Amino acid sequence: MQRKLAVANWKMNGTIEKLQDIESLTKIHQQSQVGIVICPPATLIYQAVQITNNSNLQIGGQNCHYDTSGPYTGDISADMLNNLGARYVIIGHSERRNSYDEQNEDVYARATAAINCNLTVIVCVGETAKQKKQNITLDVVVTQLKECIPNIQDARQLVIAYEPVWAIGTGKIPTINQIHLVHSHMRKQLNKRFGSEIASQICLLYGGSVNPHNATDIFAIPDVDGALVGNSSLFSQDFSSIIVALESSKF
């Protein structure tokens, strides 16, 4: 069975008071049968880990450096995230690619570092509006899968999030058929590279304007195993509704 996963990406939002949301989610979803991951700002990771101890929620980082230590002012390493108690890290988010010019090779290096530090990497892939207009979505995604993902021995080391760049924070999403096409194609590519046993267990998330109103329809799509949620994850009630939708989904 593919594991269902709901991941909250808080981005650069949240101060100490926001930890109350995490505490609330641990209580509401104490018996949840799906994986729940919160990725708060790095300033909140240690406290978030303490709150989620003895619960089924886990904490992740939003990025990591490719080196374990060194003269990289302002950066955080995978080893540091692991030391804080984080178990996941988001790599290659489009906002990192666009604002910090992170290339596929950078994503690969960061993902490799994270796996070496026993973190599960959530690698983001997806096309821009221009690429969508050129009808090269699948080509873009295949290239990113090839160039961004290191070799793995265990499906639990890797999660892939398909995030159309043009959909993030816009309220717009691809059609059900478009999401299905991309996720199905990703599964086939993973099968070719890692074999069916590992590929069938790699969690494929959809990201990009997921909210309580569209979550049920998105989770009904084959090969969609969960969601990477941005804006809606900042409101615990909305994120909780998305978790419930995932718990109720067939696939």
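The model is predicted: local features need pLDDT of at least 70, side-chain atom pairs count only at pLDDT 80 or more, and totals for chains, interfaces and linings use all residues. Residues are numbered from 1 along each chain as its sequence is written, and side-chain values use heavy atoms, without hydrogens and water.

**Helix 8**
- Helices are DSSP runs of H or I with at least four residues, strands are runs of E with at least two, and both are numbered from the N terminus.
- Helix 8 has 19 residues (176-194) and should span 27 Å at 1.5 Å a residue, which agrees with the 27 Å between its end C-alpha atoms; the expected span is 1.5 Å times one less than the number of residues.
- Its buried residues include Ile179, Arg187, Leu190 and Phe194, where buried means under 20% relative accessible area with a 1.4 Å probe, protein chains only.
- Among the elements covering these buried residues are strand 5 (120-125) and helix 7 (137-148).
- Gly195 follows helix 8 and has a positive phi, near 90°.

**Cysteines**
- The structure holds zero disulfides, a disulfide being a pair of cysteine sulfur atoms within 2.5 Å.
- The sulfur of Cys117 lies 7.7 Å from that of Cys64, the closest cysteine sulfur, which is too far for a bond.
- Cys148 is buried, with a relative accessible area of 0%.

**Nonpolar cores**
- A nonpolar core is a set of buried Ala, Val, Leu, Ile, Met, Phe, Trp, Tyr and Cys residues joined through side-chain atoms within 4.5 Å.
- The largest has 65 residues, and Ile38, Ile160 and Ile202 have the most contacts inside it.
- Another core, of 13 residues, lies apart from it and includes Ile90 and Cys124.

Definitions and conventions:
Buried means under 20% relative accessible area, exposed over 50%, partly exposed in between (1.4 Å probe, protein chains only). Contact means heavy atoms within 4.5 Å.
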